[in-house]
Number of protein chains: 2
Amino acid sequence: MQKIKLFTPGPTMVPPEVTVAMAEPFDHHRTQAHRKILQNVTRKLQYVFQTKADCLVITGSGTAAMEAGIVGVGSPSSKALVVCGGKFSERWAKVCHNFGIKLIAHELEWGYGATAETVAGHLGRDKSIDTVIITHSETSTAAVSDVEAIAKITREHDCLLVVDGITSVGAIPVKMDEWGIDVLVCSSQKALMTPPGLGVIAVNERAWKRIQSFSPPAYYLRLQSYVEALQSNDSPYTPAITLVKGLNQALSMIEDEGIENIWRRTRRLAEATRAAMQAINLEVFAKHPVDSLTAIVLPESIDEPTFRRNLRERFGYVVAGGQGHLKGRIFRVNHMGYVDESDTLGLIGAIELLLHEMGHKFHLGNGPKAAISVLSRTA
Amino acid sequence: MQKIKLFTPGPTMVPPEVTVAMAEPFDHHRTQAHRKILQNVTRKLQYVFQTKADCLVITGSGTAAMEAGIVGVGSPSSKALVVCGGKFSERWAKVCHNFGIKLIAHELEWGYGATAETVAGHLGRDKSIDTVIITHSETSTAAVSDVEAIAKITREHDCLLVVDGITSVGAIPVKMDEWGIDVLVCSSQKALMTPPGLGVIAVNERAWKRIQSFSPPAYYLRLQSYVEALQSNDSPYTPAITLVKGLNQALSMIEDEGIENIWRRTRRLAEATRAAMQAINLEVFAKHPVDSLTAIVLPESIDEPTFRRNLRERFGYVVAGGQGHLKGRIFRVNHMGYVDESDTLGLIGAIELLLHEMGHKFHLGNGPKAAISVLSRTA
């Protein structure tokens with residue numbers, strides 16, 4: 001027997017209720033039955049995104065949805081500031097580059113998030129910047145950017161703010177309308193508890209003005225087509241029907257739990273995990289740690305591939321390794337979506353047991369003790 | 001009780017074996033387990049596409065995969081001939097237009113397929129055409145193009161041939177390498193018997209030369225990223241894991257049946273359906289009918305929405321209506337994938353019963369009789 005427990009920061013664990021919804025007989029997408037599902041999905045996404053804006057569902061990965069947003073607002077006259085502090089934010093700079101969108105890439109040290117000061121500095125110096133692209137939770141480093149404060153700055157400078165919320169929406173506080181995010185992107189396989197294959201993009205009125213002002217090189221990812229189809233609860237191209245049905249079920253579960261409760265649960269799991277890792281003499285990688293996932297530095301004495309292989313083969317836990325220059329140095333564990341206290345305590349225990357056997361020095365039992373202490377204190 | 005029977009030309013019916021494969025626990029995509037699945041999918045797709053070329057799986061609809069192909073070969077210096085005879089071929093002209101790819105759109109009367117003569121005429125007159133885009137089976141009209149003969153012409157003129165095989169691959173004979181198709185596209189929800197959400201694109205060496213010669217405005221749909229990832233049986237972005245697992249199962253079933261047997265089965269179902277419809281005084285719309293689906297003209301006395309609603313509510317059959325100017329005039333039924341003789345006879349009987357009740361005149365029983373006669377003769 002081996003129970004595979006996905007603790008990767010996407011895909012995350014999928015509730016059996018969602019699996020069942022995806023396995024039910026499905027209908028053609030141009031029917032009342034499916035339109036009703038898409039209508040419900042849209043409404044519930046607005047709750048999760050904390051917005052009244054249209055939430056458009058695109059069959060594709062989160063990268064596809066981010067490309068749709070970046071290219072959609074990247075008019076020939078515009079210039080984007082991309083704050084890069086990891087693999088995913090660097091990707092958004094590459095998207096700008098491939099489409100010939102003028103950009104300034106501000107490089108952060110990996111592990112830090114974007115701050116209002118950084119953004120304000122650029123916007124003060126260069127008045128031609130009209131778009132700011134921020135990765136809220138940088139999944140490669142588990143660092144968080146201060147999107148709420150950055151949104152104040154972009155409003156003051158009349159810039160559009162495009163936010164990669166792929167590992168933040170539905171996990172940590174994101175308030176699109178209240179904060180003033182103009183374009184916000186998420187994908188199915190993170191806090192939305194659905195298998196990969198759907199990207200979601202919400203676009204506010206300010207962003208629509210820009211989007212409608214020019215014709216970008218886009219067809220499948222042209223946002224206007226999605227918003228036009230949505231008027232009749234439809235999709236412009238054949239959607240991934242089974243995944244939309246799964247998402248509908250997952251969103252109902254999110255609605256039932258309440259988004260504030262989910263934010264709190266995710267934060268508690270993150271705090272417990274960080275405390276546990278520090279208690280067994282491991283370092284949390286990010287200087288601005290996000291609560292949706294945690295990146296942990298492995299001691300030099302521990303061989304990373306061996307550690308992750310053992311964690312999987314002996315305990316069934318699948319965690320992610322590092323990306324780019326962090327490969328072999330860190331591992332990353334998920335707190336988003338369908339993961340609870342006991343899941344997290346189980347993982348912490350397995351990590352402790354394994355590191356002990358691999359010769360890492362610490363007081364046995366300190367990890368779970370620290371985690372339980374946090375969970376008890378914040379209950 | 002209502003059994004919904006999807007007879008739309010996509011999405012088509014999904015075998016329970018595929019549903020089960022998609023509902024099983026799934027693994028992270030950057031694991032040996034998933035790489036093995038993608039490797040098997042790729043090998044089996046090569047069999048279905050009849051090619052040794054790389055078959056790239058893209059999370060997205062068939063439109064996404066076609067865009068990847070068109071934009072990938074549409075260099076700034078190239079010019080495309082798009083033969084348009086329905087909604088889907090017109091879409092490929094729009095893709096060229098949105099990306100600024102020079103094109104000649106040759107308009108066919110709807111119901112006809114592209115011929116070698118048409119293509120040869122254009123290539124003879126305009127030496128700057130270096131790409132020909134053909135929709136093999138035009139799903140909006142159920143007409144077939146003579147891709148084998150067209151491929152001879154494009155080879156002679158050293159043009160690249162891009163083929164939309166979305167409702168042809170896996171249903172009717174398509175021999176990528178033997179015929180000389182350079183770029184061939186399909187999607188999961190047709191003959192491949194998997195829910196929608198995956199596009200597949202095969203690209204031969206001739207096409208790769210063009211693709212590698214320039215940088216198109218593309219990121220998510222940039223083909224180089226997919227082929228690079230495939231070297232280690234990987235995907236560049238998080239793939240729709242559950243759908244890939246379903247496709248793997250469906251492809252095994254295709255392999256077990258044998259592609260020639262599937263082509264024969266599909267042809268027999270199409271011939272039986274056409275004979276049955278003609279035997280009850282209905283007209284087959286296409287002058288060059290394809291075998292993967294059939295478009296049938298409704299008599300003016302029959303209200304199309306009422307007909308389709310009754311077919312669904314009373315018998316559970318979901319068939320497609322017309323698109324564009326054919327809306328309300330035709331209905332379309334599927335022969336691709338998981339559909340057999342008895343399924344098709346059931347549909348024919350239901351159509352006959354319903355049209356009789358709606359006042360259409362014909363000899364009762366003629367439809368099934370004609371269908372059975374074809375099935376018996378071609379068994």
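Trainee: In which sense do strand β5 and β8 of chain A pair, and over how many bridges?

Mentor: Two strands pair if DSSP finds at least two bridges between them. Here strand β5 (residues 131-135) and β8 of chain A pair in the parallel sense over five bridges. Within this pair, A:T131 stands opposite A:L160. Strands themselves are DSSP runs (E, at least two residues), numbered from the N terminus.

Trainee: Which other strand does β8(A) pair with?

Mentor: That is β9 (residues 183-187), again parallel, over three bridges. There A:V162 stands opposite A:V183.

Trainee: How should I read the two faces of a strand?

Mentor: In a regular strand the side chains alternate between the two faces of the sheet. In β8(A), A:L160, A:V162 and A:D164 lie on one side, A:L161 and A:V163 on the other, and all are buried (under 20% relative accessible area with a 1.4 Å probe, protein chains only).

Trainee: How do chains A and B relate?

Mentor: Copies are superposed by least squares on C-alpha atoms of residues with pLDDT of at least 70 in both. A rotation of 180° with 0.0 Å of shift along its axis puts chain B on chain A, at RMSD 0.0 Å. That is the relation of a two-fold axis. In chain B, the C-alpha nearest the axis belongs to B:G60, 2.5 Å from it.

Trainee: How confident is the predictor?

Mentor: pLDDT is its confidence in each residue, from 0 to 100, and chain A averages 97. This is a predicted model: local features need pLDDT of at least 70, side-chain atom pairs count only at 80 or more, and totals for chains, interfaces and linings use all residues. Residues are numbered from 1 along each chain as its sequence is written, chains are lettered from A and ligands numbered from 1 in the order written, and side-chain values use heavy atoms, leaving out hydrogens and water.

Note on methods
pLDDT = per-residue confidence, 0-100. Buried < 20%, exposed > 50% of the residue type's maximum accessible area, 1.4 Å probe, protein only. Helix = DSSP H or I, 4+ residues; strand = E, 2+ residues; numbered from the N terminus.
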